[in-house]
Amino acid sequence: MNSKITLITCLLFFTVFSCKNESAFSDFKYGDKPVAFNCEGANSKLLNEALYSFEDDIINYYKKGSDNYRLVQAYSQIIRNSVFGRLKLEDVVSKHTVAVFEALKNEANLWDANSSKSYLNYNSTAINCISNNIKDKALKDTFNALLTTNSMSPKLFGAPLTTKYRNVLNDKNLAMYVALDLYYAKMFNIDFSKVNLEKPKQKVDFNQVPPKS
């Protein structure tokens, strides 16, 4: 009897372990890109994939065939549209990004299903890394003040962010926040089975820097 129970236990363990391995994300399209976001204790490899895929999405959508369109302009539009409730996420998101999102959903510490402000967990390891490493002092102080007072929300931080959107090109911690809170967190409300994810691809120049003022 004991040997039978042991065998069943081993089979269950093997099944669970195998399923976990099979469900692990492996389709890294941007694995050869520089590490933009590094956070100890978080799944940095997956988060970097999420960031690059997000940037690919927004440049492809907002570029609209323009050869001179820059990534910084796409950030300006996505931030404003997301903060003010004008984001048509179904039109922007790509098939690869949806696959990344499905993997991100398994990062338990990253999300808060019970929050009325955002599905993003503002007490997560990733947000803690972001809060400690934002380069712009004013934005960093605002970000941490909102976290400390439990007042953080896309709309409240979005207000100062819309005026300093150019910072995201040189501060990928800030860019990571934009990707997570203003893009991926909003995907929980989308039924992707009803979304056409086949969109034309355009090459993204991830090395763009904002023009000097």
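This is a predicted model: local features need pLDDT of at least 70, side-chain atom pairs count only at pLDDT 80 or more; totals for chains, interfaces and linings use all residues.

Visitor: How many salt bridges does a search of the whole structure find?
Guide: Side chains of opposite charge can pair when their charged atoms come close. To count here, a Lys or Arg side-chain nitrogen has to lie within 4 Å of a carboxyl oxygen of Asp or Glu. Searching the whole structure on that basis gives 5.

Visitor: How many residues apart are D141 and K137, and which helix holds them?
Guide: Their side chains meet in a salt bridge, at 2.7 Å from N to O. About one helical turn separates D141 and K137, because they sit 4 residues apart in helix α7.

Visitor: Is K137 buried or exposed?
Guide: The cut-off for exposed is over 50% relative accessible area. K137 has 61%, so K137 is exposed.

Visitor: Which helices do E55 and K172 sit in?
Guide: These two form a salt bridge at 2.7 Å, N to O, and both residues are buried. The pair ties together distant parts of the chain, 117 residues apart. E55 belongs to helix α2 and K172 to helix α9.

Visitor: What is the N to O distance between K164 and D136?
Guide: Both residues are in loops: K164 between α8 and α9, D136 between α6 and α7, 28 residues apart. K164 has 28% relative accessibility, so K164 counts as partly exposed. The two side chains meet in a salt bridge, with an N to O distance of 3.1 Å.

Terms used: Residues are numbered from 1 along each chain as its sequence is written. Side-chain values use heavy atoms; hydrogens and water are left out. Helices (H or I, at least four residues) and strands (E, at least two) are DSSP runs, numbered from the N terminus. Buried means under 20% relative accessible area, exposed over 50%, partly exposed in between (1.4 Å probe, protein chains only).
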